[in-house]
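Here are some exercises to work through with the structure at hand. Try each task first, then follow the solution step by step.

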Amino acid sequence: MGEYTYRLLTKDDIGSINDLFAAAFQKQPQANFFQWKYFSNPAGDALVGGAFIDGMLVGSGAMIPEMMHVFSRPALIYKFTDLITHPG
């Protein structure tokens, strides 16, 4: 079957995230899109998890930080988004 591993993704994984997106959606993401969305957010870095088989990223999901008001108070929240799985 293969070796399954899971970990948080970093800026060093941008190439693998781009490859996963291209495989899942048959379209290349715009240049620097995931760098901007996950690691250049003014509210902070996203929490991005990855699932690997034999070192290849086959699934990911992100929680994107956002500042908003909750009961009239500023609060940092995380939105779950960008669930991507490899079609193979």
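**Exercise 1. Is Asp82 buried or exposed, and which side chain does Asp82 meet in a salt bridge?**

Step 1. With a relative accessible area of 18%, Asp82 is buried. The classes are buried under 20% relative accessible area, exposed over 50% and partly exposed in between, with a 1.4 Å probe and protein chains only.

Step 2. The side chain of Asp82 meets that of Lys37 in a salt bridge, at 2.9 Å from N to O. The term stands for a side-chain nitrogen of Lys or Arg within 4 Å of a carboxyl oxygen of Asp or Glu.

Step 3. Asp82 belongs to strand S4 and Lys37 to helix H2, so this pair links distant parts of the chain, 45 residues apart. Helices (H or I, at least four residues) and strands (E, at least two) are DSSP runs, numbered from the N terminus.

Before going on, please keep in mind that this is a predicted model: local features need pLDDT of at least 70 and side-chain atom pairs count only at pLDDT 80 or more, while totals for chains, interfaces and linings use all residues. Residues are numbered from 1 along each chain as its sequence is written, and side-chain values use heavy atoms, with hydrogens and water left out.

**Exercise 2. How many salt bridges does a search of the whole structure find?**

Step 1. The search of the whole structure gives three salt bridges. Side chains of opposite charge can pair when their charged atoms come close.

Step 2. One of them joins the side chains of Asp13 and Arg7, at 2.8 Å from N to O. Asp13 is buried at 8% relative accessible area, whereas Arg7 is partly exposed at 40%.

Step 3. Lys79 forms a salt bridge with Glu66, and their closest N and O atoms are 2.8 Å apart. Because Lys79 lies in strand S4 and Glu66 in strand S3, the pair ties together parts that are 13 residues apart in sequence. Lys79 is partly exposed at 41% relative accessibility, and Glu66 is partly exposed at 28%.

**Exercise 3. What is the strand order of the open sheet, and which are its edge strands?**

Step 1. The four strands of the open sheet follow the order S1-S2-S3-S4, with antiparallel pairing. Two strands pair if DSSP finds at least two bridges between them.

Step 2. Strand S1 (4-8) and strand S4 (73-85) are the edge strands, each pairing on one side only.

Step 3. On average, neighbouring strands of this sheet are turned by 15° against each other, direction ignored.

Step 4. Seven bridges join strand S2 (residues 47-53) to strand S3 (residues 56-70) in the antiparallel sense. Take Val48 as a check: its bridge partner in S3 is Ala62.

**Exercise 4. Where is Ser60 placed, and which residues does Ser60 touch?**

Step 1. Ser60 sits in strand S3 and counts as buried at 4% relative accessibility.

Step 2. Leaving out residues up to four places away in sequence, Ser60 touches Leu9, Leu20, Gly49, Gly50, Asp82, Leu83 and Ile84. Contact here means heavy atoms within 4.5 Å.

**Exercise 5. Where do Asn32 and Ser72 lie?**

Step 1. Asn32 is in the loop between helix H1 (14-25) and helix H2 (33-39). Although Asn32 is not a glycine, its phi is positive, about 65°. At 60% relative accessibility, Asn32 is exposed.

Step 2. Ser72 is in the loop between S3 and S4. Its phi is near 65°, a positive value in a residue other than glycine. Ser72 is exposed, with a relative accessible area of 70%.

Technical notes
Axes are lines fitted to C-alpha atoms, for helices over the stretch in contact, and angles run from 0 to 180 degrees between N-to-C directions.
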